[in-house]
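Please read the points in order, with the structure open beside you.

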Amino acid sequence: MAATRPDPMARYVLPLAGSGSAPSPPADEGARVHLPESLLVRNVTWFCRLRWLVVSLLAIFGGLDFAPGVLSRVGLRPPGAWPFVAAAALALSNLGFLAHARLMATAATPHRARANLWAQIVADLTVLTLVVHFIGSLETYVAFAYLFHIVLACIFFSRSWSLVVTAVACGLYLACVSAEETGLISRAGIYADAALRGQIDGLPGVRLLNVSWAILTWVVVWYLASHLSALVQERDTHLAETNRRLRAAQRERAQYMLRTTHELKAPFSAIHANVQLLIKGYCGELPPPAQDVLQRVAKRCRRLAAEIQEMLQLANLQSKIQGPLSWGDLDLAEALASCVEQARPVASGRGIEIETDIQPARTTAVGDHMRMLFGNLLSNALTYSMPGGRVRVACAPRPGAGPRVVIEDHGIGIQPEKLPRIFDAYYRTDEAVRHNRESTGLGLAIVRDVVEAHGIQLRVESAPSVGTVFTLEFPPTTAVPGQTRETRETDDGPRDDCGR
Amino acid sequence: MAHVMIVDDDEDFASAAATCLRAAGHEVQIELETSAALRSMTQRAPDLVILDVMFPESSSAGFDLARQMRGASAKLTAVPVLMLTAVNQRFPLGFSARDIDDEWLPVHDFLEKPVDIETLRGKVAAMLGAAGARPPGSR
């Protein structure tokens, strides 16, 4: 009997690697490359602001008609009402464009933003043609004002659409000149001396040459501007794509790191818990040698778990693409005091006394990083102190400068020639290894990265068998280098962990 | 004696924690999947839930279960939740104790793995003693 398949059978086809994020082909010259809608909307409003300036200039020019003698003194004739008509037409259209832009602020689409820009350009070119006619289409340079729109169209539209704008500008200008030439509309102009225009009127070849030069100039400008703009837009597109991929990689990396932390630490957690059951006698009494072995297993578990944690912390600190940091106003005294309290059980276990002279000292910093920094330096001081020794922790503000934090021990010290290497990841001096085999060698590497990120000056003074002093001098609050305060928060007090 | 439910996909850890808590006189139930845990606790609400964060099918299944418990029924809303995590509280990719939020993450406390079993025992005793005295999310 033939076996019957369940119906319907679920089907899944494994996507080929990278098929979801194939690289975009480079934009061909002339290909339509779109700007992001947010940028388009911003430029819609920018155009509107510029237009208010033009409206004002036209109104002022029209107003000069009411100041007797001003225009005639510079050789111009009274303009009449046309500047006000042009200003009013631009102002009304501008209000419409702004209203449309406000609507787009809630639901912007490239199509709507581009339609708005097109409407602005058509309205502008129409009003500009009127202005060209009234100022003087041939005897002045006002016709070159069409170039503004041609260049802007090259920036915001594809090459083909910017060519359309250029053609519209040329067409309107030719229509204006033709209408004047054929007498369809009476000639105008702002020069008081009619002879200026009259000289050109008598020379049809000069008129034709002037018009041709103007149009040729626009076409050449269009060609150059649109070519350069296409190159820039292509680059923008590639940058946007690269940025998108980087962000996707960052998200993926964050998830991977989280999962890795869990996967690496979870087995140690199970081993640690079961070893403790044996050590604490939950499964019956064990002979002392077995207890000793289990203590070593438990100790190694704790060390490995801590090492994994520190490796991931260091990797995260060194990652330049991690998410925005939580910079905020912070009282170092609180963070430091919290870390000292955290360290006291370890200190008392080894008979080490922690002396504190901690004064309130505010700065701008990432709270988590400060606790990581102080926690690692304190841990270092306690680890390399002699039993029954003393560790001094001080914090104070400095007039005209950032706070100073000092962590001093009277432990094994460091030989001078080894000082430059102590901040290298995994570097440990022979003396340090002999004194304590359990340290990971990553604590001071974490300290180095935090210090660099905050622009803190770190000084180490040490002598073998005398001790080590770490001095942290924070920069003034306004001069923390190399960081963007992408998110700011007010520190809400210390947390219950200090980097270990 | 209290009814404690341990929800953790790591059977080795869950068994060790259960041994410790049983020795303290509690009745301990182990659930390796969050869906089975929710079904079980809907039938019989535990006095306390020890909940892992990450499960094989979802890295936030523990969070999801805590939220589901809050929305499931009044008796489950009142059950204190002790969340366990192998991700350090301060680790920037993880979360912190101050992220305990009534809406987002309705749990009472965190413990970071590897957990000291005596600490776990003490924390469970303290939470059971305080159960009902404070709403979820308060610290």
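1. Two residues are in contact if their C-beta atoms, placed from the backbone, lie within 7 Å. Among contacts in chain B between residues at least 6 apart in sequence, 70% join residues at least 24 apart. For chain A the corresponding share is 76%.

2. This is a predicted model, in which local features need pLDDT of at least 70 and side-chain atom pairs count only at pLDDT 80 or more, while totals for chains, interfaces and linings use all residues. Residues are numbered from 1 along each chain as its sequence is written, and chains are lettered from A and ligands numbered from 1 in the order in which they are written.

3. Helices (H or I, at least four residues) and strands (E, at least two) are DSSP runs, numbered from the N terminus. Chain A has 13 helices and 8 strands, and chain B has 5 helices and 5 strands. Read from the N terminus, chain B goes β-α-β-α-β-α-α-β-β-α.

4. In chain A, 32% of the 500 residues count as buried; in chain B, 45% of the 139 residues do.

5. Strands of a sheet pair through backbone hydrogen bonds, either parallel or antiparallel. Two strands count as paired here if DSSP finds at least two bridges between them. In chain B, 5 strands form an open sheet in the order β2-β1-β3-β4-β5, with parallel pairing. The edges are β2 (27-31) and β5 (109-112) of chain B; each has a single partner strand, so one side of each has no neighbour in the sheet. On average, neighbouring strands of this sheet are turned by 20 degrees against each other, direction ignored.

6. Look next at one pair inside that sheet. Strand β1 (residues 3-7) of chain B runs parallel to strand β3 (residues 48-52) of chain B, and 4 bridges join them. B:Met5 has B:Val49 of β3(B) as its bridge partner. Helix α3 (residues 61-72) of chain B packs on the sheet and touches β1, β3 and β4 (81-85) of chain B; its direction makes about 150 degrees with that of β3(B). Helix α1 (residues 11-23) of chain B lies across β1, β2 and β3 of chain B, at about 170 degrees to β2(B). For such angles, axes are lines fitted to C-alpha atoms, for helices over the stretch in contact, and angles run from 0 to 180 degrees between N-to-C directions.

7. In chain A, how do helix α4 and helix α6 cross? The axes of α4 (residues 110-135) and α6 (residues 159-181) of chain A come within 10 Å and cross at roughly 25 degrees. Angles under 35 degrees count as roughly parallel, over 145 as roughly antiparallel, 65 to 115 as roughly perpendicular and the rest as oblique. α4(A) and α6(A) are therefore roughly parallel. The residues in this contact include A:Leu125 and A:Val132 of α4(A) and A:Val168 and A:Leu172 of α6(A). By class they are 9 nonpolar, 2 polar and no charged. Here Ala, Val, Leu, Ile, Met, Phe, Trp, Tyr, Cys and Pro count as nonpolar, Asp, Glu, Lys and Arg as charged, and the others, Gly among them, as polar.

8. Helix α5 (residues 146-156) of chain A also meets α6(A): the axes come within 8 Å and cross at roughly 165 degrees. α5(A) and α6(A) are therefore roughly antiparallel. Among the residues that meet are A:Ile150 and A:Ala153 in α5(A) and A:Trp161 and A:Val165 in α6(A). This contact of α5(A) with α6(A) has 8 nonpolar, 3 polar and no charged residues.

9. Strand β4 (residues 390-398) and strand β5 (residues 401-409) of chain A run antiparallel, joined by 7 bridges. A:Cys395 stands opposite A:Val405 in β5(A). The hairpin of β4(A) and β5(A) has 2 residues between the strands, and A:Gly400 takes a positive phi near 75 degrees there. β5(A) is also joined by 6 bridges to strand β7 (residues 467-473) of chain A, again antiparallel. In that pair A:Ile407 stands opposite A:Phe470.

Key: Buried ≥ 20, exposed ≤ 12 C-beta atoms within 10 Å, placed from the backbone.
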